[in-house]
Amino acid sequence: MKPRDRLRIAMQKSGRLTDPAQELLARCGLKFRQSRDKLFCFGEGEPVDLLLVRDDDIPGLIAEGVCDMGIVGRNVLREYQYSHPEEGVALDELRPLGFGRCRLSIALPQDEAYDSPSQLNGQRIATSYPGLLGEWLRSNGVGAKVVYLAGSVEIAPRLGTADAICDLVSSGATLVANQLRETAILVESEAVLAGRSELPTDERGEIAELLLRRLDGVIQVRDSRLILLQAPRDALAEITSLLPGLPVPTLTAVDGAPDQVVVQALCAGSVSWRQLEDMKRAGARDMLVLPVEKMLA
Ligand code: PRT
Ligand code: ZN
């Protein structure tokens with residue numbers, strides 16, 4: 001492979017991961033000029049280009065060295081690793097990205113009881129994930145027949161071509177519409193930044209490190225909330241124990257109210273209404289939850 005001085009990232013051309021992936025890269029300060037065939041996007045600021053492809057092709061493109069990194073569902077990355085064990089070992093999940101969440105699950109017809117994997121012995125299970133399903137069946141000691149289908153897996157039991165399915169589930173609406181019920185979860189998935197375990201040793205390595213640092217900052221900011229509230233001093237311990245991620249808060253005295261303090265804390269993760277209500281019951285008031293735009297320690 002010819003040495004390259006620009007980093008190349010593969011991402012989904014059109015699908016569920018396209019918009020959030022593009023938004024994430026934009027937040028990392030990357031700008032792209034789209035080429036006319038819309039397959040290759042030239043990076044304008046940093047030396048990072050994009051290749052827009054079908055998500056299923058992304059792990060292979062990284063393994064072959066055509067791309068250095070890719071944004072892809074963990075389900076697709078793991079499937080590639082199980083179905084291409086030789087090429088797959090060189091690939092790694094570099095960062096979880098927090099979008100495109102779903103799970104790969106076994107589902108059975110609604111009226112069938114389920115108590116353990118052994119019940120699937122001798123059954124036909126339809127899936128687009130034969131590698132992951134095969135591995136799960138092996139590790140659970142189940143002898144089932146894997147029926148490979150490229151799509152529309154959920155209708156297989158009604159068509160009589162399978163007894164159960166193994167497919168991605170997010171809201172569960174597709175399963176309900178097909179009178180199926182989720183039983184075992186094989187993989188909790190989300191979009192990940194995939195790459196080779198070893199960063200390239202040429203200039204691309206430095207660009208990759210820069211990108212990873214920016215990505216960490218963007219993810220940290222995205223997942224952080226600043227919370228401000230006023231609390232009686234004697235309720236502080238209880239209120240701070242309710243803050244998500246248990247941050248160390250900054251306390252400010254309130255003029256004319258020595259028993260009160262203003263609490264400021266940077267929380268990891270969002271703050272739910274329920275958590276606010278619990279803090280209010282513990283004595284907090286005037287609560288404000290703010291998004292964080294940038295952070296530099
Ligand atoms: O053309 P290309 O091959 O690139 O796209 P694709 O059709 O293979 O992928 P796409 O865009 O559908 O999904 C890309 C990635 O999004 C997947 O690999 C997952 O990592 C992630 N993702 C998150 C999902 C879902 N949620 C999801 N709900 N991928 C698919 N689904 C499908 C699922 O297969 C089922 O048919 O949605 C249906 C179930 O959804 P619910 O909400 O009814 O449960
Ligand atoms: Zn696909």
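The model is predicted, so local features need pLDDT of at least 70 and side-chain atom pairs count only at pLDDT 80 or more, while totals for chains, interfaces and linings use all residues. Residues are numbered from 1 along each chain as its sequence is written, ligands are numbered from 1 in the order in which they are written, and side-chain values use heavy atoms, with hydrogens and water left out.

**Exercise 1. The zinc site**

Determine which residues coordinate the zinc ion (ligand 2), and classify the geometry of the site.

Solution. Step one is to find the donors, that is, N, O and S atoms within 2.8 Å of the metal (3.2 Å for Na, K and Ca); water is not among the atoms, so sites may look incomplete. Asp-55 (OD) and Asp-56 (OD) coordinate the zinc ion (ligand 2) at 2.1 Å.

Step two concerns the angles. Four donors are tetrahedral if all angles lie between 85 and 135 degrees; four are square planar and six octahedral if opposite donors are over 155 degrees apart and all others between 65 and 115; anything else is irregular. The 4 donor atoms here make angles of 73 to 177 degrees, and the site is irregular.

Step three is accessibility, where buried means under 20% relative accessible area, exposed over 50%, and partly exposed in between (1.4 Å probe, protein chains only). Asp-55 counts as buried because its relative accessibility is 18%, whereas Asp-56, at 43%, counts as partly exposed.

**Exercise 2. Positive phi**

Locate Gln-179 and Asp-286, and decide whether each is buried, partly exposed or exposed.

Solution. Gln-179, not a glycine, has a positive phi of about 50 degrees. Gln-179 lies in the loop between helix 7 (173-177) and strand 11 (180-189), and is partly exposed because its relative accessibility is 44%. Asp-286 also has a positive phi of about 50 degrees without being a glycine. Asp-286 belongs to strand 16 and is exposed, because its relative accessible area is 55%.

Notes
Helices (H or I, at least four residues) and strands (E, at least two) are DSSP runs, numbered from the N terminus.
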